[in-house]
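Biologist: I'd like to learn how to read helix packing. Could you walk me through a case?

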Amino acid sequence: MRTIRIGAGAGYSGDRIEPAIELAEKGALDYLVFECLAERTIALAQQARMKDPAGGYDPLLAARMQAVLPICRVNKVRIITNMGAANPLGAAEATRSIARKLGLSGLKIAAVTGDDVLTKAKDADLALDNGDTIKGLGNRVVSANAYIGARGIADALAAGADVVITGRAADPALFLGPLVHEFGWAMDDWDLLGKGTMVGHLLECAGQITGGYFADPGVKDVQDLARLGFPIGEVREDGDLVVTKVAGSGGCVTPATVKEQLLYEIHDPAEYFQPDVVADFSQVRVEEVGPDRVHVTGGRGKPKTGLLKTSVGYIDSYVGEGQISYAGPGAVARGRLALDIVRERVAMTGAQTTELRCDLIGVNALHGEASGAGAPYEVRVRVTGRTETLAEAVKIGNEVETLYTNGPAGGGGAWKSAREVIAVASCLVPENAAQLSVSLVEA
């Protein structure tokens, strides 16, 4: 039975590049996948494209392509990525330019488009999960991108693409696409599509499944994390999977790392809604079959819903922030006094905030007041305020900064910022709203 090898070269936009190079060089891969989009990432990319029509794709696209294209060409590894973000066509052109400079003539690059459904979503005035509607947000809406499936990727590979660049494809679809292409899986073979989605879900976060997100010193120790190796999926034609990594790389692949990733961000393991299938992980079995080799079986699937989750990005507000540190005896008391002063100052000066949050990092910033914990030697004050204008947001950080000379003793390391906030809400669109298209360019 045929087997192909797929490596995960990135688990998020800013991920390390060295493990991807290692995979390209030593992984004996058929495919190298870079998964680089989050819900908020594409809204920010759309905003960037509004400022520069040639931009809007992943800022590390050039660095990654320069690093791996020559190796992948020599080793006959095809690349799949969603680094196109808000501009897959622009990303394809940028990749072609890089390939030309590297002397990689004949390289075929495909851009898969159709995920941008802003016009159709506005026309339908769809309800959002934040209680609003798209029309209700008015001109604050920046983007609406549907999660497209594996079909466009498979079509691009069938057209001979060496590099496939998408926008907002569903993360597992980046891995399902080459399986559909290589094995000729039917797009209504729900169990195979469910298994392929399981493969994609396990590999999509890269270093998480090889021990990165897993590590917890003294509880779950992982060796050589500074040289963490990214995962390889050995996928059989029937959908069975072995997860492994390059021999000698850091990290580990164990039944425990695989199980944690299987359940990562999953609400219901029996119904994982994807554009191509409703995947069912409830019968998955995990077995260690060698050092850093874990066999995974039992994925299933049910018919897709015909609806696509769509992320709608919109300008929500502005946020002003200020931070300052206190250390030594009485640091917590001085930090609390600093927060009291800023709260009073914000009220006195009439800064127009719709929300104000005051934290002592190291005491209460994550889980509220730490119960039974001793007073730390050092704390960092953080004040954030949500406002309707940038000018009002600036006032928050200014008030924290003035604590240098007008607040408790010993404050240092003050920092401030004011920024526009892009929020994301979700809705469902009919899958025919996303009109897929594959565009090929050649170096």
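Modeller: Helix α1 crosses helix α3 in a left-handed way, meaning that the near helix is turned anticlockwise from the far one by less than a right angle. This is a predicted model, where local features need pLDDT of at least 70, side-chain atom pairs count only at pLDDT 80 or more, and totals for chains, interfaces and linings use all residues. Residues are numbered from 1 along each chain as its sequence is written, and side-chain values use heavy atoms, with hydrogens and water left out.

Biologist: At what angle do α1 and α3 pack, and how far apart are their axes?

Modeller: Two packed helices are described by the angle between their axes and the distance between the axes. Here α1 (residues 18-26) and α3 (residues 61-75) pack at about 15°, with axes 9 Å apart. That makes α1 roughly parallel to α3 (angles under 35 degrees count as roughly parallel). Helices are DSSP runs of H or I with at least four residues, and strands are E runs of at least two.

Biologist: Which residues of α1 and α3 meet?

Modeller: From α1 come A20, I21, A24 and E25; from α3 come A67, V68, I71, C72 and N75. By class, this contact has 7 nonpolar, 1 polar and 1 charged residues. Contact means heavy atoms within 4.5 Å.

Biologist: And is V342 buried or exposed?

Modeller: V342, in helix α11 (residues 331-349), is buried at a relative accessible area of 1%; buried means under 20%, with a 1.4 Å probe and protein chains only. Beyond its neighbours within four places in sequence, V342 touches V383, E399, V400 and L403.

Technical notes: Axes fitted to C-alpha atoms, helices over the stretch in contact; angles between N-to-C directions. Parallel < 35°, antiparallel > 145°, perpendicular 65-115°, else oblique. Nonpolar A, V, L, I, M, F, W, Y, C, P; charged D, E, K, R; others polar. Buried < 20%, exposed > 50% of the residue type's maximum accessible area, 1.4 Å probe, protein only.
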